[in-house]
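Student: I'd like to learn how to read a structure like this one. Could we go through it feature by feature?

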Amino acid sequence: MSTMNTTNKPLCPCCFKAFSTSILQDDGGGRGGDNNKSNFGSICGTCEPTDVERALANKAASTSLVPPIVWLLTPQEIEEATQSILNATQHNLDEIASTNLTDVTFENTIAKLMCPPNYKTNPQLAACKFLQHCSTDAQIREAASNAGKLFSKARVAGRMRKDVYERVVAFSKTEECQHLDEYRKHFVKASLQDFERAGLALSNEDASELQRLLEEDSKVCSEYSQNLGADVTKLFFSPEELKGCTADFIKDRLGKDVEGKCTITLKYPDIIPIGQTCEVSETRRLVSEAREGVNAYKNNLDLVAQGVQLRKRIATILGYPSWAEYICTKRMSGSFQAVDEFLTNLQTKLEAAGKDDYETLLQLKKDHCKKMGVDFDGKLNAWDTGYYGNELLKAMGVDSEKTREYFPLDHVVNTTLEIYQELLGLTFTELLKGTYWSWHKEVMCFHVKDTASDKAIGHFYLDLHPREGKYGHAAIFHLVKNDASHGAVDCMLCNLPASTADKPSLLRHQDVVTFFHEFGHIMHGLCAEGIGNSTRLAKCPRDFVEAPSQMLENWCWQKSILERLSKHYETQEKLPDEMLQDMIRAKHVNVAFGSLRQIYLSRLDLEIHGPQPPKSAEELQALVDKIRPAITLVDNPPKNNMLRTFGHLMNQYSASYYGYMWAEVLSADMFATRFEKEGVMNPKVGMDYRKMVLAPGGTHNITDHLAKFLGRLPSNEAFLKSRGILK
């Protein structure tokens with residue numbers, strides 16, 4: 001990487017004039033504008049692009065039109081800023097600890113914890129660590145990753161400060177505390193719980209060991225994530241070996257690295273089409289093995305074994321029988337037993353229908369093998385389920401490749417944003433390219449306001465396409481949390497197919513659903529109200545946090561919304577009614593079989609975080625080999641293990657994956673009770689949802705918020721009806 005000058009050299013007169021008029025001033029924005037007018041590289045031949053990049057990266061220091069992050073452009077800058085934040089964090093805690101117990105007030109104690117230097121209310125935290133997930137520069141990614149590890153270590157150390165905890169306890173008993181508003185009261189309560197769950201009642205020896213274990217677990221999880229993001233695996237197949245995939249899919253990958261061969265990576269735009277449409281079983285098997293086999297993602301299976309053992313030891317020190325119990329006690333579920341009963345109940349109700357779904361797919365495979373003239377092995381393999389599931393949809397009139405033609409990416413993105421604005425009473429304005437700094441030229445940035453009041457709420461970034469070194473799944477990153485001086489900032493990283501020279505990016509309907517879902521998380525982050533690190537989305541119960549986005553997926557199955565989201569990339573026509581109705585009818589096809597897979601993943605998560613977690617990669621392998629067929633009815637391929645790529649379990653979702661199923665029950669209830677009855681685009685219901693469900697963040701009991709929105713306590717009836725279990 002070239003060394004970048006860390007000082008701001010003056011621009012030449014012509015570039016300074018262009019910069020000051022089109023960047024530093026409010027030049028508006030919006031999709032469809034002249035996004036190239038600020039391409040400074042072509043203004044003159046004397047100014048280096050780095051000067052302009054520096055000015056853009058610093059723009060947040062002088063205007064609120066862009067996200068409030070002053071971006072860092074070199075590893076050295078990241079290292080220096082990280083150390084500065086760590087020093088400020090230490091000083092902040094020391095100041096609290098130096099206050100006499102009789103002199104504690106909100107301002108000298110609690111306020112300093114609500115927006116500390118090392119929390120996301122400080123925009124520079126994102127400048128230091130976020131780029132590990134998306135920078136095109138490996139040195140920047142490494143520096144940002146190291147920053148993330150140091151911040152994690154500092155958070156652990158902060159939670160172990162008994163002297164700070166004592167001041168919070170003292171303040172909680174004061175008259176001033178009793179008169180705080182609801183958000184501040186919630187923060188005091190949440191802070192006490194965090195300190196106590198961190199083991200401040202422990203002996204000094206145990207406290208020291210706990211801190212060491214927490215730091216070690218953070219390192220293990222970081223290495224696991226880096227292995228996923230840095231993967232550059234390539235497989236090479238002839239066009240014949242990709243039979244069934246579209247001509248465009250083959251053409252776009254043919255001859256990139258090997259003449260006469262198609263290059264296939266392990267990114268979603270490559271593996272999903274193969275899994276769903278490639279007729280050649282051996283090709284599907286090889287792709288599956290590349291993701292889960294013994295050579296996949298370096299030492300990730302060993303890292304999982306290390307991680308679950310570390311978490312078990314942490315739970316033991318804190319007085320819990322398992323990491324799963326420790327986690328569940330602070331979730332909406334309240335206990336491991338409640339989750340166990342929830343999953344057992346669902347599995348029992350789904351098993352019969354799941355077996356029927358399995359037999360349906362197996363018959364399709366038998367017929368297909370006969371047609372192809374190949375031996376039928378009498379079972380569904382792991383690499384068969386996606387293909388024959390797609391064949392079943394085709395038999396019902398749903399052709400995922402044909403429907404792609406009606407979902408060009410740009411139209412889907414624009415329309416999705418329109419729908420969310422209408423539904424939630426918000427206004428989005430896209431910033432012009434060249435008026436803000438970003439880590440890649442494809443990144444889009446939007447400013448968000450409340451429509452009624454015209455009050456600024458925050459910003460969000462969209463980074464939609466795969467590239468080397470980028471986070472490999474779809475996720476939302478909450479970069480900045482709201483405080484008194486700025487709004488929230490969120491970013492969507494996903495891996496949707498990019499446009500080619502011949503065609504625009506076209507999405508499968510499932511990609512449309514995924515985009516709609518992930519954007520719902522952005523709205524949750526931006527619409528949450530209140531200031532401080534425990535009143536925001538991050539403190540929502542993990543088993544609820546998926547519910548709002550899962551509920552919003554229902555929009556992608558409504559006739560009126562599908563008509564808006566669809567537009568043929570050539571003819572501009574909407575999705576034909578026959579195709580649309582076929583899609584809607586097929587929504588819950590194979591749903592019991594798919595739900596059993598979700599239950600398996602949830603059980604796997606809880607098992608490895610249970611009272612006796614596996615001690616080695618070999619024990620993890622034996623566990624997967626045992627419970628996968630017992631629940632999903634599908635054998636686990638020899639020596640394959642999806643824990644090598646199951647990133648959820650090596651981050652904040654550990655012992656929490658069941659939350660997807662838990663949240664599905666809640667999301668079905670919210671949709672059926674309010675939106676389905678009163679109108680999916682009813683602005684009053686949308687505002688009720690925004691204010692009653694999204695706005696409270698993590699304050700109070702989430703069940704109470706849902707009861708207010710629903711008019712009663714939550715029920716599983718809507719979920720069971722939607723799955724055909726109840727009539």
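Tutor: Let's start with charge. In this predicted model, the protein chain has 85 positive and 95 negative charges, and their mean positions are 1 Å apart.

Student: What about the surface those charges share with other atoms? How much of the accessible surface belongs to carbon and sulfur atoms?

Tutor: Carbon and sulfur atoms account for 50% of it, out of an accessible surface of about 30700 Å² for the protein chain.

Student: Next, the fold. How many helices and strands are there in the protein chain?

Tutor: You'll find 29 helices and seven strands. The radius of gyration of the chain is 26 Å, close to the 27 Å that the globule rule gives for 727 residues, so the chain is as compact as a globular protein of that length. If you follow the C-alpha trace along its principal axes, it spans about 80 × 65 × 50 Å.

Student: How do I read burial and contacts for the chain?

Tutor: Burial goes by relative accessible area, and under 20% counts as buried. Here, 57% of the 727 residues count as buried. For contacts, take those between residues at least 6 apart in sequence: 73% of them join residues at least 24 apart.

Student: Can we turn to single helices? What should I look for?

Tutor: Begin with the general idea: an α-helix has 3.6 residues a turn, so residues three or four places apart point the same way. Then look at length and burial. Helix 13 (residues 281–292) has twelve residues and reaches 16 Å from its first C-alpha to its last, close to the 16 Å expected. Its buried residues include Thr283, Val287 and Ala290, and also the charged-type names Arg284, Arg291 and Glu292.

Student: What do the buried residues of helix 13 pack against?

Tutor: They pack against strand 1 (235–237), along with helix 12 (268–277), helix 17 (385–395) and helix 25 (617–632).

Student: And helix 24: why call it largely enclosed?

Tutor: Because 15 of its 18 residues are buried, helix 24 is largely enclosed by the rest of the structure. Its length fits as well: at 1.5 Å a residue, helix 24 (residues 591–608) should span 26 Å, and its end C-alpha atoms are 26 Å apart.

Student: Let's zoom in on some serines. Where is Ser145, and is it buried or exposed?

Tutor: Ser145 is found in helix 6 (residues 138–159). With a relative accessible area of 2%, Ser145 is buried. Leaving aside neighbours within four places in sequence, Ser145 is in contact with Gln132, Ser222 and Gln226.

Student: What about Ser505, and which residues does it touch?

Tutor: Ser505 lies in the loop between strand 7 (488–493) and helix 20 (509–527), and it counts as buried at 2% relative accessibility. Not counting residues up to four places away in sequence, Ser505 touches Phe407, Pro408, Leu409, His465, Pro497, Ala498 and Ser499. Look at Phe407 in particular: Ser505 and Phe407 are 98 residues apart in sequence, yet 8.5 Å apart in space, C-alpha to C-alpha.

Methods
Residues numbered from 1 in each chain as written. Predicted model: local features only at pLDDT ≥ 70, side-chain atom pairs only at ≥ 80, totals over all residues. Heavy atoms only, no water. Helix = DSSP H or I, 4+ residues; strand = E, 2+ residues; numbered from the N terminus. Buried < 20%, exposed > 50% of the residue type's maximum accessible area, 1.4 Å probe, protein only. Contact = heavy atoms within 4.5 Å. Expected span 1.5 Å × (residues − 1). Rg over C-alpha atoms; globule rule 2.2 N^0.38 Å. Areas by Shrake-Rupley, 256 points an atom, 1.4 Å probe, with all protein chains shown as cover. Charge placed at Lys NZ, Arg CZ, Asp CG, Glu CD.
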